[in-house]
Amino acid sequence: MATNLTPLEELFYQECLKAGNNGLTYTDFSGIHPDSPVMDTAIAMNSLLGRGFIEVFQVRGEQVYKALKKEEIGKAGALQGEEQVVYNTIRASGNEGIWTKHLKSKTNLHEAVIKRCLRALEQKALVKAIKSVKHPTRKLYMLMELTPSVEVTGGPWFTDQELDVDFVEQLTNQCYKYILMKSFPRDASCIFTSTHSAYPSAAMVRKYIMDKRISQVDLSVDDITMLLDVLVYDGKVERFIALVDEDWDDEDMDTDSDWVYKAVRDKKAESAWQDCPCGVCPVADFCTEGGPVNPAGCNYYNKWLDF
């Protein structure tokens with residue numbers, strides 16, 4: 001490393017790096033390097049802690065040391081005492097953030113001390129306070145450079161912790177119109193054959209929404225899938241596995257690209273009979289078994305079944 005570490009400090013830090021998220025205990029280190037003096041190792045560990053190269057946690061009554069990433073070393077190393085403890089605890093919460101009550105229980109610091117540390121960390125632009133859509137009355141803290149998770153912000157459907165109902169309804173309606181347009185031929189008296197494979201996927205619906213600039217927010221395929229799920233639950237569209245070719249792999253079955261959506265036709269008479277050629281046949285009244293027009297020789301059925 002470019003920083004000035006003693007050989008023993010460098011050795012302990014590198015072992016912490018190798019241990020990764022599992023961390024390294026003193027017992028682990030002494031087992032790997034049994035010749036390292038106990039007192040010198042303790043001094044090296046304290047030096048690394050004080051300079052922000054490593055952090056320590058209690059796991060089942062034993063201290064576990066974890067190495068900080070290079071970009072985190074400077075920030076944590078500039079802190080001392082309670083501020084460093086509070087900062088490391090907030091950093092460990094990631095983009096989920098941590099509530100002040102949980103921060104108190106994890107650090108065992110007095111509430112007044114925590115408030116003082118939080119003010120100092122906010123003034124140094126190291127942490128920020130955010131609100132959660134799940135718990136509006138709670139103030140959460142996370143590192144300044146992190147973006148809150150969807151669980152905290154509610155995703156694109158929330159504005160200032162409030163569900164944007166109009167935005168959701170507008171997008172849902174646009175998704176339905178696009179799927180409806182792709183589900184049936186322009187001629188209302190016609191239907192697609194059973195081999196029709198142009199039903200849209202969630203990725204296709206997203207592309208349509210973004211290309212038409214219906215949403216100014218950058219939506220992901222998962223965001224669109226949430227809207228399509230609403231349409232499925234409302235009975236407006238149905239979801240099924242797309243038709244596949246001979247190169248299809250069973251392992252790909254659970255990928256989003258294999259699911260497509262079809263609008264459910266608004267039927268005056270709720271009958272599946274309208275989805276087959278007989279339901280829209282122009283000569284159905286003359287169709288009889290053994291007659292000049294008959295089910296066995298029906299050209300509409302042959303085309304529909306793609307014989």
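Asn108 counts as exposed, with a relative accessibility of 68% (exposed is over 50% relative accessible area, buried under 20%, partly exposed in between, using a 1.4 Å probe on protein chains only). Its phi is near 60°, a positive value in a residue other than glycine. Asn108 sits in the loop between α6 (100-107) and α7 (111-123); helices here are DSSP runs of H or I with at least four residues, strands are E runs of at least two, and both are numbered from the N terminus.

This is a predicted model, where local features need pLDDT of at least 70 and side-chain atom pairs count only at pLDDT 80 or more, while totals for chains, interfaces and linings use all residues. Residues are numbered from 1 along each chain as its sequence is written, and side-chain values use heavy atoms, leaving out hydrogens and water.

Back to phi: most residues other than glycine have a negative one. Ala125 also has a positive phi, about 60°, without being a glycine. You'll find Ala125 in the loop between α7 and β4 (127-131), and it is partly exposed at 43% relative accessible area.

Follow the chain into β4 and you reach an open sheet of three strands, ordered β3-β5-β4 with antiparallel pairing (two strands pair if DSSP finds at least two bridges between them). β3 (98-99) and β4 stand at the edges with a single partner strand each, so one side of each has no neighbour in the sheet. Five bridges join β4 to β5 (residues 139-143), and Val127 has Leu143 in β5 as its bridge partner.
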